[in-house]
Every structure is written in C-alpha cells, then in structure tokens.
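Subject: the two-chain model, handed over

Hi,

Here is the structure I promised to pass on.

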2 protein chains.
Amino acid sequence: MEVLIMKKLLAANDDVAAKNREYFAQHSLYVINLMGAPGSGKTTLISAVAKRVGVPVGVIEGDISSSIDAERLNGEGVKSVQINTCGECHLDAQVIREGAQQLGMDNAVVFVENVGNLICPAEFDLGEDLRLLAASVPEGDDKPFKYVPMFSYIDLVALTKCDLKKAVGFDGGNFRKGLGLVSKAEIIEVGDKGASGADKVAEFIKERFIGKTGKR
Amino acid sequence: MEVLIMKKLLAANDDVAAKNREYFAQHSLYVINLMGAPGSGKTTLISAVAKRVGVPVGVIEGDISSSIDAERLNGEGVKSVQINTCGECHLDAQVIREGAQQLGMDNAVVFVENVGNLICPAEFDLGEDLRLLAASVPEGDDKPFKYVPMFSYIDLVALTKCDLKKAVGFDGGNFRKGLGLVSKAEIIEVGDKGASGADKVAEFIKERFIGKTGKR
C-alpha cells in the first residue's frame, strides 16, 4: 500500500513537472535543480555563479525550515524566494511552480536549491532543464559508489571545496571512476568559494540558457 | 491519506522499537544510533572509537546500496553486518532487529550507522540507548538552525573534522548557539580522523555501557 501511494504521488508529480516545462518555456526560464548533501556548498555556488553568468538570476530556496539562504542571497542582490517544506526531505513539482510564480521573472536562469539530501530529491522531477549536483571534496571520494540513484540522476557535477583536496586526501581518480560507472555527467571543479571554477560553471549554464531561449 | 499511512508506519515502528529495547537489555547491548550527513565521518568515528573503548564493538551498517563501510570495518577487525535499504532514506526498527540477530553478539556496544541523511532518520526510533550525531566542520556552523528536527532529536554531537576549522572558517560559537536553541546535547570535538577527541567519545560511551549492563 505504501508503494502504491508512492507511485501515485510520483505520477501526479510528473504531470505537474510537464506543466512546469511549458511554463518555463513560455517565460524563457532556464531552470537548474541544484541538489547536494547538507553543507556541500550549494548556496555559495549559486552566489558565485550569479556574479559571473551575465544574465539575470533568480533562486527558489528549499529548506525544511529557516530562511537563512534566501536572506543571504537577497542581501547579495540575487532575487530569491524561500520555500519551507515543513520537514519534508525534498521539493516537488507543485511547490516549484508556486515558487516560480512568486519569483515572477522572465528571461532568466532560475536556480532551485533543493533540500540538503543525497537521496530523496532524486525521485522528484521538477520540470528542470539541468540537474546539477554540488558534491564537496570533504564528503569523500566514495560517494558516487554509495549514493547511486543520485549520481545516476544528474547531468553535471560541481565538485566544490577543491581547495581542501590535500587536507582531506581526496582521490579524484576514485571519484571519477565511481561517477563513470553510473553517469555520463561532466565534472567541473570549484574551489575557494567559487573564486576558482565558478566561471566555468557560469559559462556552461549561459551557453545552455542562450541555446534554450535565444536570449542574450 | 499519505499522512495517515505515515502515522500508521511510525506507530508500527514504535512497537518494534519497544521490543528492540527488551532484546538489547536481554543481550546486554548498549546501542548507539549514529546519524549524520553523507561524508560527515560516521565510519571513521566508529573505527576510532572501537579502537579506544575497551569493550567489544559490533556494527550494523546501513546504506542505500554498497557494502563499502562494512567491508572496511570488518577489515579492521570490527564485526559488522551490512543492511542495504534499496533506496530507502533511513533505517527502521525492524531492520535493526534483524541486523542485531545477524550480528549475534552479547555484552557489547553496538553502533548502528544510519543512512547518510540529516532529515528522515530523525523520525524512526530504533530502540537505541543513545542518539549520536556526527556533524562535520566543513558542513558549516549554520546546520543546527537549518536541520532542526535532527538537532533536537539527538543526545550527543561528535563535531568531526575539527582539524579543518581554520581552513573553512567554522564559527564554533554560532554552532553552539544554534544547537542550544533546540537541544541540550553535549558536543565532543573530534579531529585528525579521531586521533584527537575519539578517546572522549569512547569514554562517554563506556561509562553508559557499564551503567546499563553492569559489565566491564
């Protein structure tokens, strides 16, 4: 019975995700579902990319409680709305639709900062254009072997906190090996809170924004 | 309907957790539910404490897939059984009962290494004696403000990877403030893969093991 309900929930979610895709296309929004473990550097990555991408950026912030991240980004001039999931461990398509309407932007890159969790968010299509994972170096190089559904769900990895590689003994070869077993996702290395590498993530996103919307 | 099913699931889980408590008492097991985000250093903490605690240690390893952690601990001589949750984001009381029987130990400290997740495990009582959170310094000092259900659920925090405090600019005062808002949990600082601080965690656990079981 639990499985049946879950299947119904996911089917309903997929319907809303399909409608989100239409909405995003109408409004020339390129939408990025940014996932990652707690403390993987998702907000810092958004902040660093927003400064470098050269197109308007909006953010839908998901957290189980608090509005720390949205306040931080708004304080930096990045328009952000906060969604509290009241304990739920993921965002779904319906709340993203409401968030996008609340954001009220056109011709923009929209980051959805998902709840910090390497498991549940990989089950919910939001209607996004890009599935981006922030995986941080201190989490360890074995994560692609252990969180297979997430690592096989994503299009791009931002490997964050690369400045800590030596301090934590991160084996980049092992990480690439694990990722390669389950995914064709590219890896972009980011460090020093985005001072290195965030320009490459920004370039990747800008190209695809232009490709989708024809806007510059 | 979803909420109703969840309530029934949790009520059923609590019944099994109560039976687990009886089983653990009969077998003189002191059971620790070790939770934490992916890459927070849970396995490393178990390894370091097992070497220092001076009583037999067994481990029930929970992962959504893979047996990397159980293999590592067994390789170090720490008896471990692996539970794969096949994608589920938490352990429940029933799988812990099965894991404890498979482990087949008496007069021991048993670590349950929960799935790497700061959200869902805080809803499932396992019948444990101690709820221990591995929170790592690189995750950031704001986590107690953001993951309130987990930080209010726990009895003890092992603040891991303290050797990285300077490198990541960790504000210990902010972390303590956030924790203090929702919990009376004590913090023990651990660093250098347990070379500093794991002795204190081991001492904390040994005292309570003796207090519960009367064994030495």
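This is a predicted model: local features need pLDDT of at least 70, side-chain atom pairs count only at pLDDT 80 or more; totals for chains, interfaces and linings use all residues.

**How the chains meet**

Chain A and chain B touch through 34 residues on each side. Together they bury about 2,800 Å², and 65% of that is on carbon and sulfur atoms. Three residues stand out here: A:P38, A:I119 and A:K146 supply 21% of the area that chain A buries against chain B, more than any other three residues.

On the polar side, the interface has six residue pairs in polar contact, both residues being at pLDDT 80 or more. The helices of chain A that each supply at least two residues to the side touching chain B are α1 (2-26), α3 (68-75), α5 (143-146), α6 (148-151) and α7 (165-168). Sorted by class, that side of chain A has 20 nonpolar, six polar and eight charged residues.

**Salt bridges**

The count over all chains is 22 salt bridges, and two of them cross the interface of chain A and chain B. In one that joins the chains, B:D69 pairs with A:K146, with the closest N and O atoms 2.8 Å apart. Are these two partners buried or exposed? B:D69 is buried, at 2% relative accessibility, and A:K146 is buried too, at 6%.

Within chain A, A:R72 and A:E76 form a salt bridge with the closest N and O atoms 3.6 Å apart. Here both ends are partly exposed: A:R72 has 34% relative accessibility and A:E76 has 37%.

In chain B, the side chains of B:R176 and B:E189 meet at 3.4 Å, N to O. That pair links distant parts of the chain, with B:R176 in helix α8 (172-182) and B:E189 in strand β7, 13 residues apart. B:R176 is partly exposed at 45%, and so is B:E189 at 32%. There is also a network in chain A, where salt bridges that share partners join A:R21, A:D125, A:E128 and A:R131.

**Around A:P38**

B:A37, in the loop between β1 (29-36) and α2 (42-52) of chain B, has 0% relative accessibility and counts as buried. Its contacts include A:P38, B:K42, B:G116 and B:E139. B:K143 sits in helix α5 of chain B and is buried at 5%; B:K143 touches A:P38, A:G39 and B:F151, leaving aside residues up to four places away in sequence.

Most residues other than glycine have a negative phi. A:S66 is in the loop between β2 (57-63) and α3 of chain A. B:K193 lies in the loop between β7 (186-189) and α9 (198-213) of chain B, and B:K193 is exposed, at 65% relative accessible area.

Cheers

Key:
Residues are numbered from 1 along each chain as its sequence is written. Chains are lettered from A and ligands numbered from 1 in the order in which they are written. Side-chain values use heavy atoms; hydrogens and water are left out. Contact means heavy atoms within 4.5 Å. Buried area is the accessible area (1.4 Å probe) that two parts lose on being put together, summed over both. A salt bridge is a side-chain nitrogen of Lys or Arg within 4 Å of a carboxyl oxygen of Asp or Glu. A polar contact is a pair of N or O atoms within 3.5 Å; within protein, one must be able to donate a hydrogen and the other to accept it, and residues adjacent in sequence count only if both atoms are side-chain atoms. Helices (H or I, at least four residues) and strands (E, at least two) are DSSP runs, numbered from the N terminus. Ala, Val, Leu, Ile, Met, Phe, Trp, Tyr, Cys and Pro count as nonpolar, Asp, Glu, Lys and Arg as charged, and the others, Gly among them, as polar. Buried means under 20% relative accessible area, exposed over 50%, partly exposed in between (1.4 Å probe, protein chains only).
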